[in-house]
Structures are given as structure tokens and as C-alpha cells.
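Here is a short briefing to read beside the structure. It moves from the overall fold to single residues.

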Amino acid sequence: MQEPALQLEGVSIGALSDIDLAIAPGEVVCLSGPSGSGKSRLLRAVADLEAHGGRIRLGDRDQAAMHAHAWRRAVMLVPAESQWWHERVGEHFARDMPETLAELGFEAEVVEWSISRLSSGEKQRLALVRALSYDPEALLLDEPTANLDAQSTARVETWLTRLIRERRLPVLWVAHDPSQIERVGSRHLRIAGDRLESAL
Ligand SMILES: Nc1ncnc2c1ncn2[C@@H]1O[C@H](COP(=O)(O)OP(=O)(O)OP(=O)(O)O)[C@@H](O)[C@H]1O
């Protein structure tokens with residue numbers, strides 16, 4: 001099977017207008033820009049969580065022609081602030097993820113932990129594990145390491161970049177840290193007013 005690219009054509013959302021962007025399989029496009037410039041809203045538009053203009057496709061599938069829940073499972077948004085609805089961590093996963101949990105530094109019992117005890121950094125890492133448990137075909141990551149210390153950040157970056165490469169996922173990754181962008185990004189785009197410009 002040929003892996004799909006993620007394509008935005010003439011997308012408009014909030015102050016952003018007429019955005020064209022093609023993200024190839026396995027490519028990580030880092031997105032930066034001032035606070036309030038519209039990074040999160042653009043991700044929400046791509047995830048079909050906000051009304052927007054233009055066309056968004058994953059391979060030959062068109063967002064407008066798909067049920068929102070099916071699109072969101074394929075084009076998975078991991079927001080900066082994750083939401084949790086069951087009582088225990090493991091209930092949120094689509095399948096068991098023991099190796100991933102170990103790789104991110106969790107003991108196997110984490111699946112039994114109550115959501116109420118999680119730190120913000122634990123929530124952030126577990127939200128990524130939850131997203132990947134659904135085997136998405138594209139990822140939208142909103143500052144995925146914002147609440148993490150340097151060691152956890154390094155672990156998450158190593159795990160994510162390997163998985164993105166292996167599964168050939170197109171990825172839009174909101175990041176502020178220039179050194180992280182350098183490490184993980186295939187390309188770096190910055191929001192400038194109503195458009196995206198190349199930051200390299
Ligand atoms: N549903 C909405 N309707 C109208 N305006 C909105 C909506 N959601 C967010 N905004 C506004 O759109 C602008 C962009 O918000 P967004 O959250 O995308 O910024 P951001 O670039 O992700 O910022 P930050 O780096 O601070 O997270 C902000 O001015 C925000 O107040």
C-alpha cells in the first residue's frame with residue numbers, strides 16, 4: 001500500500017488565509033509562530049474540529065467527504081492540553097502498548113493508574129501513547145513536549161521520530177524550541193501574518 005501524503009489546498013482559518021501545504025509520508029513539518037498567531041487553530045482545522053475554508057486531503061481521501069470521527073482517527077490531533085474521560089489510563093488505549101510505555105519510562109502498572117493522579121508531564125506522554133494506540137495515518141502534534149524535562153523530551157523525540165519514519169506518517173508538529181525543530185523537523189514553517197513562510 002502506498003502511504004498517503006497530507007495536503008492542504010487554499011485553507012483559511014481565523015487570520016490565516018489560502019494556505020497550501022503538502023506533507024509527504026514520513027515528513028515532519030515543524031510549525032512555529034507568535035502566541036495567538038493561529039497554530040493550534042490550524043491543527044484543529046486539519047483535524048476537522050473547526051470550520052474552515054479550502055480543501056484537506058489524506059492521499060485520495062477528502063476530509064469533506066468523510067465522517068469526522070473516521071477522519072480524526074486517521075489524522076490524529078494530540079492537543080497541548082489532553083482530555084481524559086475514563087477513570088483509568090489503560091481504558092483510553094485502543095490496544096495494549098507495553099513496549100511503548102516502557103520506552104517512555106513508565107512501569108507496566110501505569111495502565112491501572114487513576115487519571116486524577118497524573119502530572120501534566122505524565123498526561124502529555126500518555127496522550128501521545130493513546131493517540132498512537134489507534135494507529136493513525138497522520139499526526140498533528142501541538143507542542144508535544146511542552147510539559148517535559150530534558151530527559152523525557154529526549155525520550156519522546158527519539159520514540160516519535162523513529163515511529164514516524166517507520167510508519168511513514170506525515171506530521172505537522174508545533175514547536176517553539178529552535179534546537180528541537182533542528183532535531184526533529186524535515187522542514188520549518190513559520191506563521192507570518194496571514195500566511196506560512198519557510199523559516200530555513
Ligand atoms: N473558536 C475560535 N473562534 C474565534 N477565535 C478563536 C477561536 N479559537 C481561538 N481563537 C483565537 O484565534 C487566535 C489563534 O489562536 P491559537 O490557539 O491557534 O494560537 P496559537 O498560535 O496556537 O497560540 P499559542 O502559541 O499561544 O498556543 C487567538 O487570538 C485566539 O484567541
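A residue counts as buried if 20 or more other C-beta atoms lie within 10 Å of its own. By that cut-off, the buried residues of helix α1 are K39, S40, L42, L43, R44, A45 and V46. The model is predicted.

**Overall fold**
- The chain holds 6 helices and 10 strands. Its radius of gyration is 16 Å, close to the 16 Å that the globule rule gives for 200 residues, so the chain is as compact as a globular protein of that length.
- Along the principal axes, the C-alpha atoms fill a box of roughly 45 × 35 × 30 Å.
- Of the 200 residues in the chain, 36% are buried.
- Take the contacts between residues at least 6 apart in sequence: 73% of them join residues at least 24 apart.

**Helix α1**
- Helix α1 spans residues 39-46 and is mostly covered, with 7 of its 8 residues buried.
- Just after α1, D48 takes a positive phi of about 65°.

- In soluble globular proteins, nonpolar side chains tend to be buried together.
- What does V171 touch, leaving aside neighbours within four places in sequence? It is in contact with I23, E27, V28, V29, A138, L139, L141 and I164.

**Antiparallel sheet**
- Strands of a sheet pair through backbone hydrogen bonds, either parallel or antiparallel.
- Strand β1 (residues 6-13) and strand β2 (residues 16-23) are joined over 5 bridges.
- V11 stands opposite I19 in β2, and L6 stands opposite I23 in β2.
- I23 is also among the contacts of V171.

**Parallel pairing around β3**
- Strand β3 (residues 28-32) runs parallel to β8, with 4 bridges between them.
- β3 also runs parallel to strand β9 (residues 187-192), again through 4 bridges.
- Where do the partners of C30 sit? In β8 the bridge partner of C30 is W173, and in β9 C30 stands opposite H188.

**Positive phi in loops**
- E143 is not a glycine, yet its phi is positive, near 45°. It is found in the loop between β7 (138-142) and α5 (150-167).
- Is E143 buried or partly exposed? It counts as partly exposed, because it has 19 C-beta neighbours inside 10 Å.
- R168 is not a glycine either, and has a positive phi of about 55°. Its place is the loop between α5 and β8 (171-174).
- R168 counts as partly exposed because it has 15 C-beta neighbours inside 10 Å.

**R55 in strand β4**
- R55 lies in strand β4 (residues 53-58).
- R55 is partly exposed, because 13 other C-beta atoms lie within 10 Å.
- Not counting residues up to four places away in sequence, R55 touches E9, G10 and D62.
- How far is R55 from V89 in sequence and in space? They are 34 residues apart in sequence and 35 Å apart in space, C-alpha to C-alpha.

Notes:
Residues are numbered from 1 along each chain as its sequence is written. This is a predicted model: local features need pLDDT of at least 70, side-chain atom pairs count only at pLDDT 80 or more; totals for chains, interfaces and linings use all residues. Two strands pair if DSSP finds at least two bridges between them. Helices (H or I, at least four residues) and strands (E, at least two) are DSSP runs, numbered from the N terminus. A residue is buried if 20 or more other C-beta atoms lie within 10 Å of its own, exposed if 12 or fewer, and partly exposed in between; C-beta atoms are placed from the backbone. The radius of gyration is taken over C-alpha atoms; the globule rule is 2.2 Å times the number of residues to the power 0.38. Two residues are in contact if their C-beta atoms, placed from the backbone, lie within 7 Å.
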